Amino acid sequence: MPFHIATAPGRPDRPNEDFAAATATVAVLLDGVGAPTDSDDGCSHGVSWHTRRLGSLLLAALDEGAAPREALAEAITTVSSLHEGTCDLGLQETPSATVVAVRVEADHLEYLVLSDSVLLTEADGGVRLIADTRLDDLRPRVGPGQAVRACRNVPGGFWTAGAAARAAEEAVVGTVPLSPFLAMTDGASRAVEVFGDLSWEGVFELVRHRGPAALVDRVRELEAADPSSRRFPRGKVRDDATALWWTP
């Protein structure tokens with residue numbers, strides 16, 4: 001069965017900064033991370049430019065057999081080389097991305113997860129959540145907004161794929177038995193993590209039976225029902241949302 005991908009921008013007047021793509025046996029999903037609108041990220045190209053190039057290079061390296069961390073480090077280095085002469089990549093707010101990558105082998109899945117995009121696989125009749133929890137662990141200690149952003153890509157903080165290949169070393173990697181899987185950016189997983197409308201098992205079953213577009217549509221309904229973010233506080237009323245599904 002082929003990979004199934006659904007993605008939608010949070011706002012129609014802004015580019016979708018998520019990226020997802022697949023080959024016959026490899027899938028990648030990225031969520032672009034940028035600076036607040038009143039901050040300088042040092043880059044003239046933009047977050048979506050960074051995310052698409054990083055995702056494409058990562059996909060190619062994994063498809064050619066590179067180990068996940070090595071593939072991500074190579075992709076980061078190459079993207080940085082494309083604009084280090086024109087952009088200030090030393091700024092902490094330089095464009096970066098969260099990452100989920102999965103390679104399908106004969107009897108197992110090989111995965112990489114970096115930051116707050118998540119991966120669900122089937123396990124023992126239920127669902128296994130594979131996540132890099134460092135960002136969630138930091139928030140109760142340092143608070144929201146700028147305090148959290150100051151912890152990005154620093155020792156003891158959380159990591160995203162930006163200008164420094166060091167981030168690849170911090171990615172969560174491993175293998176699990178071959179099974180269906182669902183990868184999501186945090187714009188899609190907010191159905192669980194922000195709105196509490198579904199459990200991880202509920203999200204998995206929704207996508208299994210109705211496809212990833214059904215999850216994106218459900219998130220849009222939940223966002224529309226709370227247009228002021230009062231009931232469910234969140235940084236963006238509507239966020240880019242992407243889900244990627246595969247089953248053997």
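So, which residue's side chain does the side chain of Asp132 join in a polar contact of 2.9 Å? It's Arg134: the two side chains are joined by that 2.9 Å polar contact. When I say polar contact, I mean a pair of N or O atoms within 3.5 Å; within protein, one has to be able to donate a hydrogen and the other to accept it, and residues adjacent in sequence count only if both atoms are side-chain atoms.

Quick housekeeping. This is a predicted model, so local features need pLDDT of at least 70, side-chain atom pairs count only at pLDDT 80 or more, and totals for chains, interfaces and linings use all residues. Residues are numbered from 1 along each chain as its sequence is written, and side-chain values use heavy atoms, with hydrogens and water left out.

Okay, back to Asp132. You'll find Asp132 in the loop between strand S7 (126-130) and helix H3 (134-142). Helices and strands here are DSSP runs numbered from the N terminus: helices are H or I with at least four residues, strands are E with at least two. Is Asp132 buried or exposed? Buried, because its relative accessible area is 7%. The cut-offs are under 20% for buried, over 50% for exposed, and partly exposed in between, with a 1.4 Å probe and protein chains only.

Asp132 has another contact: a polar atom of its side chain lies 2.9 Å from the backbone nitrogen of Ser115. Ser115 is in the loop between strand S5 (108-114) and strand S6 (118-123). Ser115 is buried as well, at a relative accessible area of 3%. And have a look at the backbone there: phi of Ser115 is near 70°, a positive value in a residue other than glycine. For context, most residues other than glycine have a negative phi.

Where else does a positive phi turn up in a residue other than glycine? At Asn153, with phi near 60°. Asn153 is in the loop between helix H4 (146-149) and helix H5 (166-169). With a relative accessibility of 28%, Asn153 counts as partly exposed.

Now, salt bridges. Side chains of opposite charge can pair when their charged atoms come close. The rule is a side-chain nitrogen of Lys or Arg within 4 Å of a carboxyl oxygen of Asp or Glu. How many does that rule give? The count comes to 18 salt bridges.

Let me pick out a few. Glu170 and Arg166 meet through their side chains at 2.6 Å, N to O. Arg166 is partly exposed, with a relative accessible area of 36%.

Next, Arg139 and Asp136, with a salt bridge between their side chains at 3.0 Å, N to O. Both lie in helix H3, 3 residues apart, which is about one turn of the helix. Arg139 is partly exposed at 39%, and Asp136 is partly exposed at 39% too.

Then there's Glu110 with Arg103, whose side chains make a salt bridge at 2.9 Å, N to O. Arg103 is buried, with a relative accessible area of 9%.

Last bit, some distances. Ala101, in strand S4, is buried at 4%. Its C-alpha is 9.1 Å from that of Leu114, 13 residues apart along the chain. Asp40 sits in the loop between strand S3 (26-33) and H1 and is exposed, with a relative accessible area of 58%. The C-alpha atoms of Asp40 and Arg52 are 12 residues apart along the chain and separated by 21 Å.
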